[in-house]
Amino acid sequence: MSLEGKLEELIQTKRAFLNDSVKDYATGGNDMLDDVEACLNEAKTELLNNIELASCIREESGETAYNNECIAMFNSWFDKWFGKP
């Protein structure tokens, strides 16, 4: 994946769509909001699943392993959705 995250790529795609179809601005704007909302829900679900998976590590390997796994999962999730800083 490029430096941009999934949300940034979605925003760029929607901006290009809106630039190409000014007459359909309302429809395009609503579609954009629907897509952003769907992406945010997907990101939230993915993060919650990652936390649930990490909680299994806490039970089996302890607090330090849990903290390390949470940090690694969050960094990976953040890079995917928001891109590398």
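Reader: Is Glu-42 buried, partly exposed or exposed?
Author: Glu-42 is partly exposed, having a relative accessibility of 37%. That class lies between buried, which is under 20% relative accessible area, and exposed, which is over 50%, with a 1.4 Å probe and protein chains only.

Reader: What kind of model is this, and how are residues numbered?
Author: The model is predicted, and local features need pLDDT of at least 70, side-chain atom pairs count only at pLDDT 80 or more, and totals for chains, interfaces and linings use all residues. Residues are numbered from 1 along each chain as its sequence is written, and side-chain values use heavy atoms, with hydrogens and water left out.

Reader: Back to Glu-42, then. Which side chain does it meet in a salt bridge?
Author: The partner of Glu-42 is Lys-6, with a distance of 3.3 Å from N to O. Distant parts of the chain are linked by this pair, as Glu-42 belongs to helix α2 and Lys-6 to helix α1, 36 residues apart. A salt bridge here is a side-chain nitrogen of Lys or Arg within 4 Å of a carboxyl oxygen of Asp or Glu. Lys-6 is partly exposed too, at 25% relative accessible area.

Reader: How many salt bridges does the rule give?
Author: The count is three. One of them joins Lys-80 to Glu-46, whose closest N and O atoms are 2.7 Å apart. Because Lys-80 sits in helix α3 and Glu-46 in helix α2, this pair ties together parts 34 residues apart in sequence. Lys-80 is partly exposed, at 28% relative accessibility.

Reader: And which residue does Glu-63 pair with?
Author: Glu-63 forms a salt bridge with Arg-58, and the closest N and O atoms are 3.1 Å apart. Glu-63 is partly exposed at 42% relative accessible area, and Arg-58 is partly exposed at 37%.

Reader: Which residues form the largest nonpolar core?
Author: Six residues do: Leu-7, Leu-10, Cys-39, Ala-43, Trp-77 and Trp-81. Helices α1 (6-20), α2 (25-61) and α3 (63-82) each give two or more residues to this core. A nonpolar core is a set of buried Ala, Val, Leu, Ile, Met, Phe, Trp, Tyr and Cys residues joined through side-chain atoms within 4.5 Å.

Reader: What does Leu-10 contact, leaving aside neighbours within four places in sequence?
Author: Leu-10 is in contact with Asp-35, Val-36 and Cys-39. Contact means heavy atoms within 4.5 Å.

Reader: Is Asn-50 buried or exposed?
Author: Asn-50 is buried, at 17% relative accessible area, and belongs to helix α2. Beyond its neighbours within four places in sequence, Asn-50 is in contact with Met-73 and Trp-77. The C-alpha atoms of Asn-50 and Met-73 are 6.7 Å apart, although 23 residues separate the two along the chain.

Reader: What share of the protein is buried?
Author: Buried residues account for 21% of the 85 residues.

Key. Helix = DSSP H or I, 4+ residues; strand = E, 2+ residues; numbered from the N terminus.
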